[in-house]
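Subject: Structure handover

Hello,

Here is the structure I said I would pass on. My notes on it follow below.

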Amino acid sequence: MDALKKLPAEVVKHIYQVSEVAGYLWEKEWAEKSSGNISIDLSGLFPESIINRIHDEVSFDFPIDAAGMVLFVTGSGCRLRHLVDRVDEVAAIIAVNSTATAYSVLWGGKSAGFKPTSELRAHIKIHLFNAANHTGRKAVVHAHPGELVVLSHHKLFKDEALFNHSLWKMCPEIKLYVPRGVGCAGYARYGTEELANLTLEALKNHDIVLWEKHGALATGVDIEEAFDFLDVANKGAKLLLLAWNAGFDPEGLSPEQLDDLMKP
């Protein structure tokens, strides 16, 4: 990708991962049309001299703690499948100004009328939460994993503990790779402060947030880890639905067997 030549090596690594994961999301049918969004906290990876050289600002009401952040973010209305081969058109790297009142585009955003995802404020809040809690998680991915979305319509969704046990019991890897499980967030309209706050609350104790009748979101140290959380949890949902479709309620691993998995 010629468009990446002048970017710091660590930033280029993240963008190549984004392109790879975007392909997975499309192949799995988790990012239909313009669904889904991705962001990565790149703060500290750009020299101040580059950031200070940019003066064209776009007004935006960021949380004050976002001042100075640098973020890779996908565009509003963009198709995530286009991240595979035209990432500089449908995504951008933005820098928040020192007063958190506007951002500048450092790189990308070349498509006509480009704007960051409508979930930008939610993404910023998640990155601030991760930074404050020292999780080391820099990436956020929101997509529509089919089987998880289906289960968000089921009465099981209303009992979070039972919901997670129902996923974990399907095979050992689901408990091992998604140990804190899925937070079940009640319905809220996309792009709203309500949805952002529900998401933050669920992330305090879970690896994934499942938005009722909408989609799911995960964070990770990079975009691949965030995708892995969604992929593994959705496998549990898929296995559960397969069993139900075959006409039986799976016995699954017992609570004792699940606890044993977490022992050293």
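A search of the whole structure, which is a predicted model, turns up five aromatic pairs. In one of them, Phe62 and Tyr103, the ring centres are 6.4 Å apart and the planes stand at 80°, so the pair is edge-to-face. This pair links distant parts of the chain, since its members are 41 residues apart. Phe62 lies in the loop between strand S2 (58-59) and strand S3 (70-74), and Tyr103 is in strand S5 (residues 102-108). Phe62 and Tyr103 are both buried.

Phe157 and Phe163 also make an edge-to-face pair, at 6.2 Å centre to centre with 90° between the planes. Both Phe157 and Phe163 are buried. There is also an aromatic cluster, formed by Tyr24, Trp30 and Phe227.

Next, helix H8, which covers residues 193-203. Its buried residues are Leu195, Ala196, Thr199, Leu200, Ala202 and Leu203. Viewed down the axis of H8, these fall within an arc of 165°, so they line one face of the helix.

Met262 is found in the segment after helix H10 (255-261). With a relative accessible area of 40%, Met262 counts as partly exposed, because that value falls between the 20% limit for buried and the 50% limit for exposed.

Regards

Conventions
Residues are numbered from 1 along each chain as its sequence is written. This is a predicted model: local features need pLDDT of at least 70, side-chain atom pairs count only at pLDDT 80 or more; totals for chains, interfaces and linings use all residues. Side-chain values use heavy atoms; hydrogens and water are left out. Helices (H or I, at least four residues) and strands (E, at least two) are DSSP runs, numbered from the N terminus. Buried means under 20% relative accessible area, exposed over 50%, partly exposed in between (1.4 Å probe, protein chains only). The arc is that of the directions from the helix axis to the C-beta atoms. Rings of Phe, Tyr and Trp (its six-membered ring) pair if their centres lie within 6.5 Å; planes under 30 degrees apart count as stacked, over 60 as edge-to-face and the rest as tilted.
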